[in-house]
Amino acid sequence: MDSQSTQTIKLPILQPGEYDLWKMRMEQYLQCIDYTLWEIVENGNAPIVTKIVDGKETVIPPISVEEKAQRRAELKARSTLFMALPNEHQLKFNSYKYAKKLMQAIENKFGGNNATKKTQKNLLKQQYENFAASST
């Protein structure tokens, strides 16, 4: 057995300012675990089926083997993305129930090019330039 076959790939944790690199590493990571996981993140999966019972939305459990496999894959893709977030950001993204929507939210929060980020930073500096807190 060679040393390559015993190596494991570590889950890439998103670091501020490194979204593009993280996304590339995340794609590789998910494809190594299960090739279809990245496809779920990119394209979505079969939606969870719900129906209204007594005025409440109820999730219909998967029945067929295929539905169960789709649900498991969606859950695995979402939870893997979730684990790749720094602890301080996990609560903000917990409400996203689909991997594709979660990835879009992560990109909206952490993505963007450097010029956009620099512009946002300069706008924030200008907004709070004249702000002074009293020591009392």
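At 5% relative accessibility, Thr-80 falls under the 20% cut-off and so counts as buried. Thr-80 sits in helix H4, which spans residues 65-83. Its contacts beyond four places in sequence are Leu-11, Met-26, Tyr-29 and Leu-30. The model is predicted. Its protein chain has a mean pLDDT of 82.

**Confidence**

- In the protein chain, 77% of residues reach a pLDDT of 70 or more.
- Helix H6, residues 99-110, has the highest confidence, at a mean of 94.
- Helix H1, residues 3-6, has the lowest, at a mean of 48.
- Where pLDDT is low, the predicted coordinates should not be read in detail.

**Overall architecture**

- The protein chain has 7 helices and 2 strands.
- Read from the N terminus, the order of elements is α-α-α-β-β-α-α-α-α.
- The chain holds 136 residues, and 22% of them are buried.
- Among contacts with a separation of 6 or more, 47% join residues 24 or more positions apart.
- The accessible surface of the chain is about 10,400 Å². Carbon and sulfur atoms account for 52% of that surface.

- Leu-85 lies in the loop between H4 and H5.
- Leu-85 has 2% relative accessibility, so this loop residue counts as buried.
- Beyond four places in sequence, Leu-85 contacts Ile-13, Leu-14, Gln-90, Phe-93, Ile-106 and Phe-110.
- Leu-85 and Gln-15 are 70 residues apart in sequence, yet their C-alpha atoms are 8.2 Å apart.
- His-89 belongs to helix H5, residues 87-93.
- His-89 counts as buried because its relative accessibility is 12%, and buried means under 20%.

**Exposed positions**

- Asp-54 occupies the loop between strand E1 (50-53) and strand E2 (56-59).
- Asp-54 counts as exposed because its relative accessibility is 81%, and exposed means over 50%.
- The phi angle of Asp-54 is near 55°, a positive value in a residue other than glycine.
- Most residues other than glycine have a negative phi.
- Asp-20 is part of helix H2, residues 19-33.
- Asp-20 has a relative accessible area of 55%, so it is exposed.
- Asp-20 and Gly-111 are 91 residues apart along the chain, with 7.0 Å between their C-alpha atoms.

**Second largest pocket**

- The second largest pocket contains about 160 Å³ of space.
- Its lining is made up of 13 residues.
- Pro-47, Val-49, Glu-67, Gln-70 and Arg-71 are the lining residues nearest the pocket centre.
- By class, the lining comprises 8 nonpolar, 2 polar and 3 charged residues.
- Rolling a probe the size of a water molecule over the atoms shows where empty space is left.

Notes: Residues numbered from 1 in each chain as written. Predicted model: local features only at pLDDT ≥ 70, side-chain atom pairs only at ≥ 80, totals over all residues. Heavy atoms only, no water. Helix = DSSP H or I, 4+ residues; strand = E, 2+ residues; numbered from the N terminus. Buried < 20%, exposed > 50% of the residue type's maximum accessible area, 1.4 Å probe, protein only. 1 Å grid on protein atoms, 1.4 Å probe; cavity = no way out; pocket = protein on both sides within 12 Å on 5 of 7 lines; lining within 4 Å. Points joined across faces, edges and corners; volume = space filled by probe spheres on them. Nonpolar A, V, L, I, M, F, W, Y, C, P; charged D, E, K, R; others polar. Contact = heavy atoms within 4.5 Å. pLDDT = per-residue confidence, 0-100. Areas by Shrake-Rupley, 256 points an atom, 1.4 Å probe, with all protein chains shown as cover.
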